[in-house]
Amino acid sequence: MSDPMTPTTATVPGQMHVYNPVTEPQLFSAVIRKRCVAFLIDAVMIAILTVIAFVVVAVLGVLTLGLGWLLFGLIFPFVGLAYNAFTIGGPKSSTPGQRMMGLAVPMWYGGKVTPLIAAFHALLFWFSLTLFFPILLWCFFDSRKRCLHDILAGVVVINRPGSAETV
């Protein structure tokens with residue numbers, strides 16, 4: 001099984017992206033559907049982690065005579081950003097939901113996503129989801145199935161090279 005961050009095509013002068021939907025359509029097959037299912041799986045996992053963090057902050061608030069309760073407003077953003085930063089920006093380059101769906105998230109040029117870029121990517125996603133939901137439809141018109149927040153963060157979501165659907 002190959003490393004998902006190793007480009008599957010050689011970079012040649014003039015080629016903008018390493019992952020080409022014309023020469024490697026299997027990398028982009030059903031990516032949008034898989035991303036939607038992966039999002040639901042990850043949303044459940046983030047919700048569970050958020051509940052655990054709420055309990056920890058509640059106990060902390062009791063121990064600090066209410067001062068710790070000031071952290072309640074930061075729990076969801078912190079948990080969500082940390083979840084994405086340490087999973088997409090981690091060694092497996094995908095969230096647990098994305099791994100279950102056979103997806104990987106490399107940089108557009110084939111490199112690994114850093115935790116900072118992964119957190120930025122998640123922040124852009126949540127802004128696009130809450131402020132102007134129709135912008136997420138961009139992926140239906142992009143040849144690499146990239147959403148606008150993927151383009152701005154410089155990442156691409158592909159089927160994990162070596163998985164059953166990409167062979």
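These notebook entries record what I looked up in a predicted model.

**Entry 1: ground rules.** I noted that the model is predicted, that local features need pLDDT of at least 70, that side-chain atom pairs count only at pLDDT 80 or more, and that totals for chains, interfaces and linings use all residues. Residues are numbered from 1 along each chain as its sequence is written, and side-chain values use heavy atoms, with hydrogens and water left out.

**Entry 2: helix H2.** I began with helix H2, residues 72-87. Helices are DSSP runs of H or I with at least four residues, numbered from the N terminus. H2 has 16 residues and reaches 23 Å from its first C-alpha to its last, close to the expected 22 Å. The expected span is 1.5 Å times one less than the number of residues.

I then listed its buried residues (buried means under 20% relative accessible area, exposed over 50%, partly exposed in between, with a 1.4 Å probe and protein chains only). Among them are Ile-75, Val-79, Ala-82 and Tyr-83. The buried residues of H2 pack against helix H1 (31-63), helix H3 (96-100) and helix H4 (115-131), where contact means heavy atoms within 4.5 Å.

**Entry 3: helix H4.** I found that H4 has 17 residues and reaches 24 Å from its first C-alpha to its last, close to the 24 Å expected. Its buried residues include Ala-118, His-121, Leu-124 and Phe-125. H1, H2 and helix H5 (148-153) are included in what covers the buried residues of H4.

**Entry 4: the largest pocket.** I looked up the volume of the largest pocket, which is about 570 Å³. Of the 26 residues that line this pocket, the closest to its centre are Arg-35, Cys-36, Phe-39, Phe-125 and His-149. A pocket is an open set of points on a 1 Å grid over the protein atoms alone, where a 1.4 Å probe fits, with protein on both sides within 12 Å along at least five of seven lines; lining residues have an atom within 4 Å of a point. H1, H2 and H4 each give two or more residues to the lining, and H1 gives the largest share, 8 residues.

**Entry 5: cysteines.** I searched the whole structure for disulfides (pairs of cysteine sulfur atoms within 2.5 Å) and found 0. For Cys-36, the nearest cysteine sulfur is that of Cys-139, 7.3 Å away. Cys-36 is partly exposed, with a relative accessible area of 46%. For Cys-147, the nearest cysteine sulfur is also that of Cys-139, at 4.1 Å. Cys-147 is buried, with a relative accessible area of 7%.

Notes:
Grid points are joined across faces, edges and corners, and a volume is the space filled by probe spheres set on the points.
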